[in-house]
Amino acid sequence: LNAMVRSTLMPNARSFTAVIDAHAKAGDVAGAEAWLERLSCYDLEKPDVVAFTAVLDASARLGDAGAGKNWMAKLLEAGLSPDQVTYNALIDGCVRAGDLAAATGWFETMSSATLTPSAVSYN
């Protein structure tokens with residue numbers, strides 16, 4: 001993205017989301033969070049559910065259920081609706097942290113939001 005800006009090409013929200021997701025998949029939660037914050041600083045469309053879910057998932061993979069819950073709160077504050085992937089990441093983070101009660105709670109919240117749990121939800 002820095003190269004795009006230097007060459008006077010303006011990145012869009014999808015460009016940022018790709019970088020956020022790359023950091024998240026590499027386990028670099030701080031990098032994913034930083035790029036999400038940078039996206040908010042640009043005069044672009046707002047971060048979408050995919051961008052928030054990427055950061056939430058990165059936290060979940062490290063078993064940081066608290067950070068996952070914080071990112072879910074930020075997603076909701078942004079006026080976005082979590083999808084099945086978002087809930088699955090949050091459930092996974094709670095399980096990795098050993099918080100089965102919270103995992104069950106998020107599973108029930110997903111179900112009450114009329115989202116159908118998938119095989120991933122049950123694993």
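Residues are numbered from 1 along each chain as its sequence is written, and side-chain values use heavy atoms, with hydrogens and water left out. In this predicted model, local features need pLDDT of at least 70 and side-chain atom pairs count only at pLDDT 80 or more, whereas totals for chains, interfaces and linings use all residues.

The secondary structure of the protein consists of eight helices and zero strands, where helices (H or I, at least four residues) and strands (E, at least two) are DSSP runs, numbered from the N terminus. Read from the N terminus, the order of elements is α-α-α-α-α-α-α-α. Of the 123 residues in the protein, 40% are buried. Here buried means under 20% relative accessible area, exposed means over 50%, and partly exposed covers the range in between (1.4 Å probe, protein chains only). Contacts are defined by heavy atoms within 4.5 Å. Of the contacts between residues at least 6 apart in sequence, 51% join residues at least 24 apart.

Helix α4 (residues 49-61) packs against helix α6 (residues 84-96) at an angle of about 15°, and the two axes are 8 Å apart. Axes are lines fitted to C-alpha atoms, for helices over the stretch in contact, and angles run from 0 to 180 degrees between N-to-C directions. α4 and α6 are therefore roughly parallel to each other; angles under 35 degrees count as roughly parallel, over 145 as roughly antiparallel, 65 to 115 as roughly perpendicular and the rest as oblique. The crossing of α4 and α6 is left-handed, a term that applies if the near helix is turned anticlockwise from the far one by less than a right angle, the clockwise case being right-handed. On the α4 side, the contact involves Val49, Thr53, Leu56, Asp57, Ala60 and Arg61, and these meet Val85, Thr86, Ala89, Leu90, Asp92, Gly93 and Arg96 in α6. The residues of this contact of α4 with α6 comprise six nonpolar, three polar and four charged. In this classification Ala, Val, Leu, Ile, Met, Phe, Trp, Tyr, Cys and Pro count as nonpolar, Asp, Glu, Lys and Arg as charged, and the others, Gly among them, as polar.

α4 also packs against helix α5 (residues 65-77), at an angle of about 170° and with the axes 8 Å apart. That angle makes α4 roughly antiparallel to α5. In this contact, Val49, Phe52, Thr53, Val55, Leu56 and Ser59 of α4 meet Ala67, Gly68, Trp71, Met72, Lys74 and Leu75 of α5. The residues of the contact of α4 with α5 divide into eight nonpolar, three polar and one charged.

Threonine 86 is located in helix α6 and is buried, with a relative accessible area of 0%. Leaving aside residues up to four places away in sequence, threonine 86 touches Val49, Thr53, Leu56, Met72 and Leu75.

The count of salt bridges comes to three, a salt bridge being a side-chain nitrogen of Lys or Arg within 4 Å of a carboxyl oxygen of Asp or Glu. In helix α4, the side chains of arginine 61 and aspartate 57 form a salt bridge with an N to O distance of 2.8 Å. Arginine 61 and aspartate 57 are four residues apart in helix α4 and are therefore separated by about one helical turn. Arginine 61 is partly exposed at 46% relative accessibility, whereas aspartate 57 is buried at 19%. Aspartate 92 and arginine 96 are joined by a salt bridge of 2.7 Å, N to O; this pair is four residues apart in helix α6, or about one helical turn. Aspartate 92 is partly exposed, at 25% relative accessibility.

Lysine 25 forms a salt bridge with aspartate 21, with the closest N and O atoms 3.0 Å apart. Lysine 25 and aspartate 21 lie four residues apart in helix α2 (residues 13-25), a separation of about one helical turn. Lysine 25 is exposed, at 63% relative accessible area, and aspartate 21 is partly exposed, at 27%.

Glutamate 45 is placed in the loop between α3 (29-41) and α4 and is partly exposed, with a relative accessible area of 46%. Residues up to four places away in sequence not being counted, glutamate 45 touches Ala13 and Leu39. Threonine 104 lies in helix α7 (residues 100-112) and is partly exposed, at 41% relative accessibility. The C-alpha atoms of threonine 104 and isoleucine 91 are 7.6 Å apart, for residues 13 apart along the chain.
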